[in-house]
Each structure stands twice: as C-alpha cells, then as structure tokens.
Amino acid sequence: MPRTTVTTSAKAANPPASGPAPGAGGRRLPRTLHPVAWWIWALALATAVSRTNNPLLLFLVLAVLGYVITMRRTEAPWARGFKYYLYLALTVVTIRVLFRAVFATGITPRDHFLFSLPHIPTPDWYAGIQLGGPVSLEALLSAATDGLRLACMLCCIGAANTLANPKRALRVLPGALYELGVAVTVSISVAPQLVASVQRVHRARRLRAGRTRGLRALRGIVVPVLEDALERSLRLAAAMDSRGYGRAGTATRRSRRLTGALMLLGMCGLCAGAYGLLDATAPKLLGLPAMAVGASLCFAGLRLGGRRITRTTYRPDPWRAAEWAVAGCGVLSAVLLFTNAGFNAAELNPSIYPLSWPTLPLVPAAAILLAGTAGFLAPPPTAPARPAVPAPRTEEPK
C-alpha cells in the first residue's frame with residue numbers, strides 16, 4: 001500500500017493572529033527567539049566577565065541578567081531554574097572565601113588584620129601549604145572578587161538554560177552530534193520533570209488529606225515519583241524508537257575512519273591554537289592560524305559524520321533580525337571589553353593595595369548595558385494557552 005504523506009504549510013499550521021500586523025503601530029507578535037541566539041549572547045557575556053574582576057561591573061552583569069530573564073523568560077519548567085543558579089553562585093563565593101581563610105597565605109605589613117585561625121602543623125612532604133593562621137581583609141576581598149567572577153559566569157550559563165528551549169536547541173546540532181545532543185537534552189530535562197512530579201504527588205496527597213510529615217511521608221512521595229519516572233522513561237524510549245533514534249544511515253568503513261581522523265586532527269589544531277594564543281612566546285603559527293585550521297577540520301569531520309544519520313526537521317526555527325540583534329549586542333559587549341578602547345585596562349582589575357573603593361569605568365559599563373538591550377530587542381515570548389472561561393448565563397426577564 002503506498003504511503004501518503006500529508007504536508008502542512010507553516011501558514012496553515014500557524015493562522016495569522018488577529019490584530020495589527022507585525023510592525024504596525026510598533027507592536028510585535030510574540031514568538032520564541034532562536035535558542036542559538038540566546039546561547040551566543042550568554043557565552044559572549046561570560047567572555048566579557050572573564051576579562052574583569054571589578055565588583056561594580058560584576059554586579060552590573062548580574063543586574064543585566066536579571067532584567068533580561070525577567071522580561072523574556074517563558075512559563076516552561078526549565079525557565080524557573082535561574083534562582084538555583086543564583087544559589088549555586090552564592091555557594092561558589094562562600095566556598096572561595098572559606099578556602100582562602102583556611103588555607104592562609106600570610107599577611108604583609110600593609111594588610112588589615114581581621115582575625116587569626118588556629119594553626120595546624122603540616123608534615124614536611126606537605127610543605128608550602130599552611131592551614132590556619134592570620135587572615136587579612138585584603139585576602140578575603142580578593143577571594144570574594146575571584147569567586148564573584150566565577151559566579152557571574154555560572155549565572156550567564158544559567159541564563160542561557162533559562163531563556164533557550166533545550167529541545168529546540170537540539171534541532172540545530174549537526175547530525176554527527178545528534179545522539180549526544182539527545183542524551184544531554186534528556187539529562188537537562190530530568191530535574192524540572194522530577195520537580196513537577198514531586199509537586200503533583202504533593203498536591204494529590206493534600207487532596208487526599210494526607211497528614212503524615214517528615215520521614216514517614218517520604219515513602220508516600222518517593223514511590224509515586226519513581227513510578228512516574230519509569231513510565232516517562234518507557235514513553236520516551238517508545239517515542240525515540242518510533243522516530244528512528246540510533247539507526248545509522250549509509251556510511252562505509254572508510255568514511256568512518258576519515259571522520260575520526262578529521263576530528264582528531266581538528267581537536268589537535270584547536271588545542272595548539274589555544275596554546276599559541278595564551279603563550280606570548282609561542283610562534284605566530286600556533287595562534288590564530290592553527291585554530292582556524294583546527295576549526296576547519298572539525299567542521300569537515302562533522303559534515304562528513306552527519307551523513308550516516310538521516311533526520312528531518314519540521315518547521316525549522318527562523319533566524320531573523322531579532323536574532324542578529326540579540327547575538328550582536330552580546331558579541332559587541334565582549335569585543336569592547338577586550339579591545340580596551342576608550343578606557344584604561346587597569347580599571348577592569350582594580351588593585352586592593354592600597355585598599356580603596358573601585359571606580360566604575362564608563363565604557364565597560366556601557367558595554368554591559370548594551371548587552372542588556374536584549375531584554376527589549378528580543379520579541380516577547382509566547383503566552384501559554386489558557387482554557388476558555390464560559391460566559392455566565394443570564395436569565396431573561398419574564
């Protein structure tokens with residue numbers, strides 16, 4: 001029996017919304033931004049953060065992230081996890097300060113003494129590491145600023161996970177990385193699904209007047225959550241099997257070997273290029289030329305390896321002016337901080353000797369605020385569908 005394929009156009013699948021057209025009267029129709037644009041914006045902002053340890057600029061980055069997430073996040077489960085990244089960032093700063101206080105490095109006559117921890121003697125083979133001793137204000141401030149920079153970078157990654165749909169980001173991966181991308185997507189979505197499952201079980205227990213608390217209620221929550229997780233795994237396995245996951249296309253042994261060789265040489269080229277860029281004494285050929293050759297070889301390997309996986313994309317995500325604007329403002333922010341144009345590079349990394357309040361450089365601050373324009377350059381997210389409320393019945397007068 002011949003197969004019949006029904007193709008639905010994008011116009012039929014998405015009927016035109018009522019009201020003015022996009023751009024009429026300054027209104028924009030809500031839609032979801034391309035996930036790659038959010039990732040480019042977030043990674044560029046994280047790159048800009050790695051350039052400075054000025055606490056004023058770092059707090060400004062956190063404010064920009066909070067503004068953009070507040071304006072453009074959706075109601076999806078993964079869009080509610082940014083607060084956990086903030087908790088993780090606070091934990092990183094705390095651990096960094098505690099380690100600096102415990103593993104003391106001594107103080108100088110210019111330091112401001114705060115307190116002293118009990119000194120623990122170490123064996124000879126552990127020389128160079130001092131446990132306990134005097135702790136200065138400068139040492140704690142230096143540890144706090146270093147931890148704050150790492151915390152801001154973690155929050156940038158958290159912003160990308162909050163704003164970008166991980167399942168839609170899977171569509172743009174090359175075919176050679178599709179299976180790995182599916183595994184990463186499933187692992188990322190586990191935590192939100194478990195939280196939603198626990199909330200459903202908790203609501204059901206409250207409706208059934210369950211009053212047990214503490215460890216006694218643990219069994220009544222864990223067992224339904226595990227059962228729900230197993231059922232969800234079976235449904236996911238059936239869906240992946242019906243979509244042909246793991247089935248390889250036409251690929252000879254020679255093409256597989258060539259793909260592996262290209263990827264291996266490309267990774268070696270990227271490593272050599274990174275080493276050449278970080279080491280000022282390295283030859284110039286180990287810098288950008290080696291990185292460009294390595295990136296080209298990796299691209300060729302991914303293109304060749306993608307032939308063995310056959311997949312189609314239904315209604316691919318468009319890349320329009322909003323995507324260019326969001327990605328461009330993030331990249332431009334990183335470029336401004338790395339070019340040192342219009343400001344002194346020492347303002348990005350203020351010294352704690354002598355101890356003074358850091359200054360806020362205008363050009364880096366403007367560059368970070370430029371990245372915050374993504375909050376209104378991106379289109380508004382699509383509102384979740386709400387069930388229609390029936391109109392109240394009115395009785396006619398007799």
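This is a predicted model: local features need pLDDT of at least 70, side-chain atom pairs count only at pLDDT 80 or more; totals for chains, interfaces and linings use all residues.
Helix α12 itself runs over residues 321-339, 19 residues in total, and spans 26 Å from its first C-alpha to its last. That is close to the 27 Å expected at 1.5 Å a residue.

The buried set in α12 consists of Ala-322, Glu-323, Val-326, Ala-327, Cys-329, Gly-330, Ser-333, Ala-334 and Leu-337. Looking down the axis of α12, these buried residues fall within an arc of 150°, so they line one face of the helix. An α-helix has 3.6 residues a turn, so residues three or four places apart point the same way. On the face of α12 turned away from the buried side sit the exposed residues Ala-321 and Trp-324. Just past the end of α12, Asn-340 adopts a positive phi of about 55°.

Elsewhere, the salt-bridge count comes to two. In one of them, the side chains of Arg-96 and Asp-146 meet at 3.7 Å, N to O. Arg-96 belongs to helix α4 (residues 82-102) and Asp-146 to helix α5 (residues 137-163), so this pair ties together parts that are 50 residues apart in sequence. Asp-146 also pairs with Arg-149, at 3.8 Å, N to O. These two are three residues apart in helix α5, about one helical turn. With shared partners, the salt bridges join Arg-96, Asp-146 and Arg-149 into one network. As for accessibility, Arg-96 is partly exposed at 31%, Asp-146 is partly exposed at 22%, and Arg-149 is partly exposed at 23%.

Conventions
Residues are numbered from 1 along each chain as its sequence is written. Side-chain values use heavy atoms; hydrogens and water are left out. Helices (H or I, at least four residues) and strands (E, at least two) are DSSP runs, numbered from the N terminus. The expected span of a helix is 1.5 Å times one less than its number of residues. Buried means under 20% relative accessible area, exposed over 50%, partly exposed in between (1.4 Å probe, protein chains only). The arc is that of the directions from the helix axis to the C-beta atoms. A salt bridge is a side-chain nitrogen of Lys or Arg within 4 Å of a carboxyl oxygen of Asp or Glu.
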